[in-house]
Amino acid sequence: MTEQLTEQEATAAASGAAATARFRQKNLQVNASQERVNAIATDALQALHEVIRKHKVTYSEYDALKAWLIQVGEDGEWPLFLDVWIEHVVEQVANENRKGSAGSIEGPYYVPGAPELPSECTLPMREDEPGTPLALYGRVTSVDGEPLPHAKVEIWHADDLGYYSQYAPGLPEWNLRGTCIADEEGRYKIHTIKPAPYEIPKDGACGKLIAAAGWSAWRPAHLHLKVSAPGHQLITVQLYFDGEDYVDNDIASAVKPELILKPTPVGDGDGLEAHKDFVLDPE
Ligand code: DHB
Ligand code: FE
């Protein structure tokens, strides 16, 4: 009989393999010209050559790098590596001209097609889902203040132990994932639980780099969202919690001041609620 694994038995190799498999299902649209590939690849290599000269990198360090890069691939950790250390700059450049709400990185754990839910909804969760109840509510509008009826608010986040469904064993498929459809006035209210901070898996190549460099492996507790409406630009965003651990020391450098929620206790004292409006730019 095979024993059922629990989420705490997640391994870097298993969550990395799942993130890699998911990424491979993405519909890639790449049409870079030879000129652009040449310009970017040449500059990227020159930047690396400069680091080698500056630090007088030795042959043994070069071999360590080669071994480490091979292990990143073997552990399936390329999505994790890129989303932790590179994506925040891609996001910054992609959205620098936006007038509406600020975005943030997507990270490796988005799964399209989460169950559709009404404008006030509770995310799929286990009967005894641990964690502080949290209600996130607000409105989706255009940059000129018009409500966007039936805007789509996709949300996904880690549980109270910091694990994501579909990337750690033992969790129901759509746990803490949903697609909330806003009402006529663009309003939404999502009942869930507050996620825990997320620690980069320590037993894989990324964890090895973090340990070798003496870095913190943590991301602050966060909610992931994708907010969209016809004729408007989709925004991918994360929301954080004021005053909590790692908000000032996110290994993925993905916190922005306007993305920090200030939750308040709900009337009857059972849990928290937090307000967040989203403003979408026209397409
Ligand atoms: C990673 C994990 C996250 O939950 C996230 O939001 C961003 C990056 C990662 O492990 O790479
Ligand atoms: Fe995340």
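Which residues come nearest to ligand 1? Select ligand 1 and look for Leu 80, Val 84, Tyr 164, Arg 219 and His 224, out of 13 residues around it (each with a heavy atom within 4 Å). You're in a predicted model, where local features need pLDDT of at least 70, side-chain atom pairs need 80 or more, and totals for chains, interfaces and linings use all residues. Residues are numbered from 1 along each chain as its sequence is written, and side-chain values use heavy atoms, with hydrogens and water left out.

Next, show the polar contacts (N or O pairs within 3.5 Å). Oxygen atoms of ligand 1 sit 2.6 Å from a polar side-chain atom of Arg 219, 3.0 Å from a polar backbone atom of Leu 80 and 3.1 Å from a polar side-chain atom of His 222. Alone, ligand 1 exposes 290 Å², and the protein buries 100% of that (Shrake-Rupley, 1.4 Å probe).

Now color the shell by class: 8 nonpolar, 4 polar and 1 charged residues.

Last stop: select residues 136-164, which an unreviewed UniProt entry labels "domain: Intradiol ring-cleavage dioxygenases". The end C-alpha atoms of that span are 19 Å apart, and 45% of it is strand (DSSP E runs of at least two residues).

Note on methods. Chains lettered and ligands numbered in written order. UniProt positions renumbered as here; feature names shortened; annotations may be inferred. Helix = DSSP H or I, 4+ residues; strand = E, 2+ residues; numbered from the N terminus. Polar contact = N/O pair within 3.5 Å; in protein donor to acceptor, adjacent residues only side chain to side chain. Nonpolar A, V, L, I, M, F, W, Y, C, P; charged D, E, K, R; others polar.
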